[in-house]
Amino acid sequence: AWAKSRKRGSAHRAEKILRRMEQLYYIKGDVSVKPNAVTYAAVMDAWCRNRQRDRTPTNSNSNNSTSTSTMQSPPHRAEDILNRMEFRYQQSGGSDRDVEPDIVVYNSVLHAWAKHGKQIPDAPFRAEAILRRMVQRYADGVTRVKPDVQTYNIVLDGWANADVELWGSGAAERAEQILMQMEGAFLNATKAYMYASSTKRYSDNFRMKEYDAVLKECIVPTTISYNTVIHAWMRFMKDQVLSSKKTKHSSEGSGGGSSSSRVASVNANTVAMVAQRAEAILDRMCSFQYYPDDDDHAREKDFAYAFAKPDEVTFKLVQDMWTMAGKARRAGAIRERQKLFLTRSSRLEHA
């Protein structure tokens with residue numbers, strides 16, 4: 001009940017009950033209250049939903065007379081529970097599957113870090129560190145923790161929600177780097193499969209089933225992946241526009257006209273370049289959908305279904321960014337491009 005409650009302090013109460021269960025089972029041997037993965041996940045989820053930074057005091061020294069109290073945020077608490085699960089599982093020699101963390105548990109902790117990017121400076125880094133742990137464990141043969149596209153989207157969201165004043169364009173840059181890694185691995189796998197299958201005489205149905213198996217080993221970016229990165233660039237753009245307005249107002253008050261003009265010019269150029277970055281992402285998404293009609297590329301049309309398609313949100317984000325940059329004609333061109341894309345997509349789907 002406490003794990004699902006949204007009252008202040010509910011996550012702390014839920015974890016207190018979990019610790020009591022651990023004591024009863026691991027110290028006193030009461031099997032009737034043995035915590036399992038569901039129990040740990042429920043308490044983790046309580047911390048993940050906690051947006052009020054209901055911090056928990058933890059003692060860094062067991063001696064009460066000299067103990068120092070530190071305060072831990074919700075994502076710290078969620079990760080601490082994950083660490084306890086891993087410790088309990090390793091302590092059992094891998095035999096206690098009840099406390100083995102799976103991808104759902106890891107993704108819950110990632111959510112906690114992603115939601116606190118504005119309050120905790122290193123939150124995006126902490127999320128990436130957990131992702132690397134998952135990748136390493138999967139490489140070691142633990143299939144239950146194989147990262148999926150949702151895992152990567154959560155990490156992207158963490159960077160998209162990072163503190164822009166602290167990170168500047170770095171957060172959006174890092175988000176796009178991760179997206180490019182996902183995209184590159186997927187495209188390379190697709191090209192390798194097309195090359196390998198070009199000498200085989202398979203039926204179309206068998207070929208598609210085999211390709212689906214290839215996709216399962218890839219992290220295929222979704223439309224959400226691309227939109228999240230564009231959103232990261234938009235947050236940086238808004239910060240630049242706001243900064244420019246503040247500089248203009250302060251200069252008007254102090255009479256610094258020439259310096260104000262220079263700053264405004266620099267910010268205008270930055271804003272335009274950011275809008276161009278966003279449109280470049282849209283360009284890549286659109287380019288994946290169309291292939292030449294010559295025989296050399298006819299085979300690639302069969303695989304277009306796997307690529308993420310831009311949706312209304314994608315086009316609207318880029319359009320709004322050009323509007324924010326003061327480029328009404330570019331914004332209008334994106335709107336017309338959206339109409340053309342939807343028409344061509346509909347035509348391909350019914351072909």
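**Confidence, fold and packing in the predicted model**

In this predicted model, pLDDT stays under 50 over residues 291–301, where pLDDT is the predictor's confidence in each residue, on a scale from 0 to 100. For this stretch the model has 13 contacts beyond four places in sequence; a contact means heavy atoms within 4.5 Å. The average pLDDT of the chain is 80, and 74% of the residues score at least 70. Residues 56–70 also have a pLDDT below 50, with 20 contacts in the model beyond near neighbours in sequence. Local features need pLDDT of at least 70 and side-chain atom pairs count only at pLDDT 80 or more, whereas totals for chains, interfaces and linings use all residues. Residues are numbered from 1 along each chain as its sequence is written, and side-chain values use heavy atoms, with hydrogens and water left out.

The chain holds 14 helices and two strands. Both are DSSP runs numbered from the N terminus (helices: H or I, at least four residues; strands: E, at least two). Of the 351 residues in the chain, 43% are buried. Buried means under 20% relative accessible area, exposed over 50%, and partly exposed in between (1.4 Å probe, protein chains only). Among contacts between residues at least 6 apart in sequence, 70% join residues at least 24 apart.

The largest nonpolar core has 81 residues. Such a core is a set of buried Ala, Val, Leu, Ile, Met, Phe, Trp, Tyr and Cys residues joined through side-chain atoms within 4.5 Å. Met-44, Trp-233 and Met-321 touch the most other members. Beyond four places in sequence, Met-321 contacts Ile-230, Trp-233, Met-234, Met-237, Val-274, Ala-275 and Ala-278.

Two packed helices are described by the angle between their axes and the distance between the axes. Helix 4 (residues 103–115) and helix 6 (residues 149–160) have axes that come within 9 Å and cross at roughly 10°. Axes are lines fitted to C-alpha atoms, for helices over the stretch in contact, with angles from 0 to 180 degrees between N-to-C directions. Helix 4 and helix 6 are therefore roughly parallel to each other. The cut-offs are under 35 degrees for roughly parallel, over 145 for roughly antiparallel and 65 to 115 for roughly perpendicular, the rest being oblique. From helix 4, Ile-103, Asn-107, Leu-110, His-111 and Ala-114 meet Gln-150, Thr-151, Ile-154, Val-155, Asp-157 and Gly-158 of helix 6. The residues of this contact divide into five nonpolar, five polar and one charged. Here Ala, Val, Leu, Ile, Met, Phe, Trp, Tyr, Cys and Pro count as nonpolar, Asp, Glu, Lys and Arg as charged, and the others, Gly among them, as polar.

Ser-225 lies in helix 10 (residues 223–254). Ser-225 counts as buried because its relative accessibility is 0%. Beyond four places in sequence, Ser-225 touches Val-149, Asn-153, Leu-156, Leu-179 and Met-182. Asp-96 sits in the loop between helix 3 (74–91) and helix 4. With a relative accessible area of 13%, Asp-96 is buried. Its contacts beyond four places in sequence are Tyr-26, Lys-34 and Tyr-89.

Arg-337 belongs to helix 14 (residues 328–349). At 25% relative accessibility, Arg-337 is partly exposed. Arg-337 contacts Glu-279, Leu-282, Asp-283, Cys-286 and Phe-315, neighbours within four places in sequence aside. The C-alpha atoms of Arg-337 and Phe-315 are separated by 8.6 Å. Ala-41, in helix 2 (residues 37–48), is partly exposed at 22% relative accessibility. Ala-41 and Val-104 are 63 residues apart along the chain, with their C-alpha atoms separated by 8.1 Å.
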